[in-house]
Amino acid sequence: MSAPSLAPYVFKRPWLQRFLTPLANWYGNAAGYRQLGLKADDLLPEENDTVLLALKRLPANEAYDRVFRLRRALQHSMQHNLLPKNEWTKPEDDTPYLSSIIKEIEREMAEREDLEAMVILKRAKNAGH
Amino acid sequence: MFSRTTACRGAQRAARTQAIRPAQRRGLAAPASGSFQYQSGEAKGVKFASRDFAGPTTTLALVSKAGTRYQPLPGLTEALQNFAFRSTDRRSTLRIVRESELLGAELNAYHTRENLVLEAKFLRDDLPYFVELFGEVAASTQYKPHAYTEEVLPLILFAHQRFLANPTERAVQSAHSLAFHRGLGTPTSSASTIPVTKYLSPEYIEEFSKLAYAKPNFAVVANGAEHSELSQWVNEFFDKVPAQATSEFGNLAGTEQTKYYGGEERQAYDGSNAMVIAFPGSSSFTGKFYKPEIAVLGSLLGGQSNIKWSSGFSLLGKAKATPFTQVNTTSAIYSDAGLLYTTITGEAENVAATAKTAVELIKKIAAGEISKEEIVKAKAAAKFKELENGQDIKAGLILTGDGLVNNNQAYQIDEVAKKIDSVTEEAVKSVAKSLLENKATVSAVGDLYVLPYASELGLNV
């Protein structure tokens with residue numbers, strides 16, 4: 001599931017964005033997943049229906065790459081070593097490939113909820129029927 | 001002295017009969033009001049036709065020249081049909097469904113050999129909503145990969161399963177492909193034992209939609225809507241639809257003149273038996289090869305009774321092997337060709353016997369050994385069937401839309417009825433003779449040990 005995010009708030013304020021971007025980049029690199037060749041979206045917990053559905057909707061090549069990254073990271077984690085530096089995930093490659101699909105699914109679900117909770121009013125024209 | 005009234009009585013009576021006669025002479029086809037005919041028009045390049053049939057509901061259809069005949073790759077028509085009313089740029093699938101449910105409407109999409117039809121039935125007041133919806137479906141449906149795998153593909157596979165389990169349908173499809181090969185002969189659903197999803201992908205379907213929903217390739221037809229109103233809304237809501245048919249596929253496939261080939265095919269099938277005997281038929285009235293005598297011959301052969309507890313007047317109805325053998329003769333009409341075919345289903349022995357009888361009957365008709373009365377009955381039945389097309393909303397919508405898209409004229413029912421009236425006994429006889437001289441199409445599905453070959457029936461293939 002997508003986590004609550006302050007990003008939209010920050011993006012609306014250029015001065016804040018300028019101030020926080022270096023900090024965010026530092027945090028991204030310090031978190032350690034890039035050194036194992038992972039992307040941020042690989043870390044999302046997948047034990048729920050939304051993410052499972054999103055994983056099914058991934059294009060075949062992206063799904064394959066994801067499994068490859070996870071297995072490689074697991075192997076290195078077990079052996080307590082990091083990837084050689086040239087294989088680390090580059091910040092520009094660290095794209096939200098899964099969150100966009102998750103958001104779309106959440107939008108669909110929210111729409112369904114809204115429609116379920118709808119109150120129906122009869123048109124004035126048909127009120128007598 | 002004569003009173004004035006007595007003197008004038010004769011004149012009065014004469015005047016009265018004069019006044020009454022036109023009403024009595026009015027044929028079935030002449031409408032009581034002007035609304036029986038479809039009025040056609042064009043708004044910004046979109047062809048439309050409507051008929052203000054009295055009643056509180058409207059049936060609106062978008063008839064597109066994108067049936068299986070015209071698909072560039074196998075299965076595209078079926079896939080596009082299943083993509084109808086799915087998420088568009090403005091609304092999701094769910095919203096479209098819920099909104100039309102709230103309006104009490106019915107949405108439907110289906111395809112025939114030549115047409116892809118989107119259909120909506122709703123209350124008269126909701127016309128603008130549904131014209132807008134059709135415009136949206138045509139212009140801005142999102143062909144998303146996950147919608148294809150999650151929603152469209154399972155429907156195609158189900159339809160394929162259903163097709164494989166239906167020997168009659170298999171025989172009819174096989175007869176069409178024997179008769180017309182490519183183009184019109186393309187099966188309406190995946191007809192091989194493996195589904196044709198090999199050729200399908202959301203990108204291809206999207207490309208095909210640019211052809212199917214291009215302005216020259218579709219028509220909007222309404223039944224029960226005011227012409228001026230429909231014209232106004234069509235004018236407003238079809239702006240985003242492509243004006244020209246351009247796509248990576250080039251243009252629609254299968255547009256060349258259909259040629260009749262004929263031949264024989266036999267498929268082993270366990271369970272039930274079906275046999276189709278087919279001959280070249282008549283094109284639709286709006287097409288170039290219209291032969292009204294084919295329709296008369298079709299209802300003369302017949303097979304199904306229109307009246308309960310009776311075998312009916314039709315020759316096959318009376319001559320079929322057992323009452324449990326189902327026989328039906330159809331004159332399938334397409335824009336530039338047709339197929340007159342008799343379908344026989346039942347026990348293998350009975351199917352074989354009835355098939356032999358059917359060929360004998362055609363020979364009898366060709367030799368003129370059929371009483372005049374039978375032909376009069378057949379003419380009446382054929383005329384009724386045609387006029388019923390006018391009443392039957394679904395058939396009327398497809399025929400009208402098809403006529404508009406292919407031949408630029410709406411299907412006018414009463415003219416067809418007139419043509420059928422003018423069919424002579426001689427014409428039926430000569431058309432039966434020509435059927436036997438040409439190559440026939442025979443396909444048998446079922447117990448091939450019992451079902452006869454075309455040569456055993458006395459047909460040349």
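This is a predicted model: local features need pLDDT of at least 70, side-chain atom pairs count only at pLDDT 80 or more; totals for chains, interfaces and linings use all residues.
A residue counts as buried when 20 or more other C-beta atoms lie within 10 Å of its own. Eight of the eight residues of E8(B) are buried, and the strand is therefore largely enclosed by the rest of the structure.

These pairings form part of an open sheet of five strands in chain B, with the order E7-E11-E8-E10-E9 and mixed pairing. The edges are held by strand E7 (263-268) and strand E9 (326-333) of chain B; each has a single partner strand, so one side of each is left without a neighbour in the sheet. Direction ignored, neighbouring strands of this sheet are turned by 10° against each other on average.

Two helices pack on this sheet. Helix H6 (residues 167-180) of chain B touches E7, E8, strand E10 (338-346) and E11 of chain B, and its direction makes about 150° with that of E11(B). Helix H9 (residues 292-301) of chain B touches E9 and E10 of chain B, and its direction makes about 175° with that of E9(B).

The loop between E8 and H9 of chain B contains B:Thr286. Is this residue, B:Thr286, buried or exposed? B:Thr286 is buried, because 22 other C-beta atoms lie within 10 Å. B:Thr286 and B:Ser310 are separated by 24 residues in sequence and by 35 Å in space, C-alpha to C-alpha.

The UniProt record, in an unreviewed entry, assigns the annotation "domain: Peptidase M16 C-terminal" to residues 200-381 of chain B. Over residues 200-381 of chain B, the chain is 37% helix and 20% strand, with the end C-alpha atoms 43 Å apart. The record also places the feature "domain: Peptidase M16 N-terminal" (unreviewed entry) at residues 54-185 of chain B. Residues 54-185 of chain B are 50% helix and 17% strand, and their end C-alpha atoms are 39 Å apart.

Attention now turns to helix H7 (residues 202-212) of chain B, in which B:Tyr204, B:Ile205, B:Phe208, B:Ser209, B:Leu211 and B:Ala212 are buried.

E5(B) has a pairing of its own with strand E4 (residues 106-111) of chain B; six bridges join the two strands, which run antiparallel. E4(B) and E5(B) form a hairpin with four residues between them. Across this pairing, B:Asn108 stands opposite B:Glu119 in E5(B).

B:Phe85 has a phi near 65°, a positive value in a residue other than glycine. Its place is in the loop between H2 and H3 of chain B. B:Phe85 is buried, since 21 other C-beta atoms lie within 10 Å. B:Lys44, another residue other than glycine with a positive phi, has a value near 50°. B:Lys44 lies in the loop between strand E1 (39-43) and strand E2 (46-51) of chain B. With 12 other C-beta atoms within 10 Å, B:Lys44 is exposed.

Finally, chain B meets chain A through contacts between seven residues of chain B and seven residues of chain A. On the side of chain B that touches chain A, the elements that give two or more residues are helix H3 (93-102) and helix H5 (145-164) of chain B. H3(B) gives the most to this side, with four residues. By class, the side of chain B that touches chain A comprises three nonpolar, two polar and two charged residues.

Terms used: Residues are numbered from 1 along each chain as its sequence is written. Chains are lettered from A and ligands numbered from 1 in the order in which they are written. Ala, Val, Leu, Ile, Met, Phe, Trp, Tyr, Cys and Pro count as nonpolar, Asp, Glu, Lys and Arg as charged, and the others, Gly among them, as polar. Two strands pair if DSSP finds at least two bridges between them. Axes are lines fitted to C-alpha atoms, for helices over the stretch in contact, and angles run from 0 to 180 degrees between N-to-C directions. UniProt positions are given in the numbering used here, feature names are shortened, and annotations may be inferred rather than shown by experiment.
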